[in-house]
Amino acid sequence: MTVLNWKNEPSEGIVKGFLLVNEAKIGTTKNDKPFLGMKLSNGIEEIDAKKWDYDDQVPVVGDIIYIEGKVQEYLNCPQLIIYKFRRALEKEYNVSDFLPSLSCNRIQELTDEFNEIQTCLQERYRVFIQEVIANSSNKYFTAPAAKIHHHAYIGGLLEHSLAVCKRSLALAELSMITINKDLLVIGSLLHDIGKIYSYEYDKPPIRMSSEGKLLDHIVIGLNLISDAYKNTMPLLDKEDYLHLQHMIASHHGKLEWGSPIVPKTIEAEILHTADNLDAIDFKYNKAVQDKSDNQEWSDWIKGLGKEVWVK
Ligand SMILES: [Fe+2]
Ligand SMILES: [Fe+2]
């Protein structure tokens, strides 16, 4: 089975391979001719695809298809013109090849780092966080942190949470106020814990679950830590628990960014700043990685609402 990596293909000639259907619908050209428009993914990136003069069966989202066609530039983006395609047979592909993922080694490295950070915590905080993770069937180590915007791959939640934790601790070092660093650590590591249930990622594409659409990760996260609090009583005192709830509830920083409350403690302010900066840093890094040799400005970055200088 060959997943089609269009960037590695020569610009001339026929390309062949397997791709995942992310979107598919019949459209009509200016000349009133039907065509099939699709967004196809190789598990890492997405490409626009067209099959002209087509009004037959529309592929189902989530299907793997075999295609033959050519890659061309359209409005500065690659576009796949399909000559022929068919649904792939199950024996022809591994579904995991189309799920963006960190390598097993990288996930193990991050898991070790996560365990190491815990050893520095006072016992009550360490037992509490272990309770939350264990109750979540260890999905924490494989969940993505997003569908599209940042860390949108298997292992992304763990990578993002650890990065936020390290950024939070670095900011805490510079604070003029005494900070509860253990609470900051568990707040950072658990701030997006609800994402383990707000996405479905058993097969591609990574998508929002019904729970995610109806409650989103902040509410789900609050429910998860509430269960752990009840199970470990009287481990965490009431004030610490309230503070942790507040940090999770306010980590998006603004009501219009999805938090039900704005940060009202220095730990919550630091967590929000570290979280926001980690997502921004990820997007800048991706823009730099994706840029071509002479490119000075990135494409429009939806999550930032602007293009950025990548000179
Ligand atoms: Fe979040
Ligand atoms: Fe986050």
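This is a predicted model: local features need pLDDT of at least 70, side-chain atom pairs count only at pLDDT 80 or more; totals for chains, interfaces and linings use all residues.
**Start with aspartate 32.** Select aspartate 32, which is found in the loop between strand S1 (15–28) and strand S2 (34–41). Because 6 other C-beta atoms lie within 10 Å of it, aspartate 32 is exposed.

**Zoom out to the whole chain.** With everything displayed, the protein chain shows nine helices and seven strands, and its C-alpha trace spans about 70 × 45 × 35 Å along the principal axes. Of the 311 residues in the protein chain, 30% are buried. Among contacts in the protein chain with a separation of 6 or more, 56% are accounted for by residues 24 or more positions apart.

**Go to aspartate 63.** The next selection is aspartate 63, in the loop between strand S3 (46–52) and strand S4 (64–74). Aspartate 63 counts as exposed, because it has 12 C-beta neighbours inside 10 Å. Leaving aside residues up to four places away in sequence, aspartate 63 touches Val21 and Arg87. A distance drawn from the C-alpha atom of aspartate 63 to that of leucine 40, which is 23 residues apart from it along the chain, comes to 9.9 Å.

**Colour the nonpolar cores.** The largest nonpolar core has 42 residues, and those with the most contacts inside it are Phe128, Ile129, Val132, Tyr140, Ile186, Leu190 and Ile225. At least two residues of this core come from each of helix H2 (123–135), helix H3 (156–173), helix H4 (181–190), helix H5 (195–198), helix H7 (216–232), helix H8 (238–250) and helix H9 (266–290). Apart from this core lies another, of 16 residues, among them Val21, Ile64, Phe85 and Phe98.

**Follow helix H2.** H2 has 13 residues and reaches 18 Å from its first C-alpha to its last, close to the 18 Å expected at 1.5 Å a residue. Which residues of H2 are buried? The buried residues are Tyr125, Phe128, Ile129, Glu131, Val132 and Ile133. Just after H2, serine 137 takes a positive phi of about 50°.

**Move on to helix H4.** Why is H4 described as largely enclosed by the rest of the structure? Eight of its ten residues are buried, so H4 is largely enclosed. Those buried residues are Leu183, Leu184, Val185, Ile186, Gly187, Ser188, Leu189 and Leu190, and what covers them includes H1, H2, H3, H7, H8 and H9.

**Display H1 and H3 as a pair.** The axes of H1 and H3 come within 10 Å and cross at roughly 40°. Angles of 65 to 115 degrees count as roughly perpendicular and those under 35 as roughly parallel, and H1 and H3 are therefore oblique to each other. H1 passes H3 in a left-handed crossing. To see the contact itself, show Ile107, Leu110, Glu113, Phe114 and Ile117 of H1 together with Leu158, Glu159, Leu162 and Cys165 of H3.

**Finish with the backbone details.** Proline 205 is found in the loop between strand S6 (199–200) and strand S7 (207–208), and a cis peptide bond, with omega of about -5°, joins proline 204 and proline 205. Proline 234, in the loop between H7 and H8, is reached from methionine 233 through a peptide bond that is also cis, with omega near 5°. The last stop is aspartate 216, in helix H7, where phi is near 65°, a positive value in a residue other than glycine. Is aspartate 216 buried, exposed or partly exposed? With 16 other C-beta atoms within 10 Å, aspartate 216 is partly exposed.

Conventions. Residues are numbered from 1 along each chain as its sequence is written. Chains are lettered from A and ligands numbered from 1 in the order in which they are written. Helices (H or I, at least four residues) and strands (E, at least two) are DSSP runs, numbered from the N terminus. A residue is buried if 20 or more other C-beta atoms lie within 10 Å of its own, exposed if 12 or fewer, and partly exposed in between; C-beta atoms are placed from the backbone. Two residues are in contact if their C-beta atoms, placed from the backbone, lie within 7 Å. A nonpolar core is a set of buried Ala, Val, Leu, Ile, Met, Phe, Trp, Tyr and Cys residues joined through C-beta atoms within 7 Å. The expected span of a helix is 1.5 Å times one less than its number of residues. Axes are lines fitted to C-alpha atoms, for helices over the stretch in contact, and angles run from 0 to 180 degrees between N-to-C directions. Angles under 35 degrees count as roughly parallel, over 145 as roughly antiparallel, 65 to 115 as roughly perpendicular and the rest as oblique. A crossing is left-handed if the near helix is turned anticlockwise from the far one by less than a right angle, and right-handed if clockwise.
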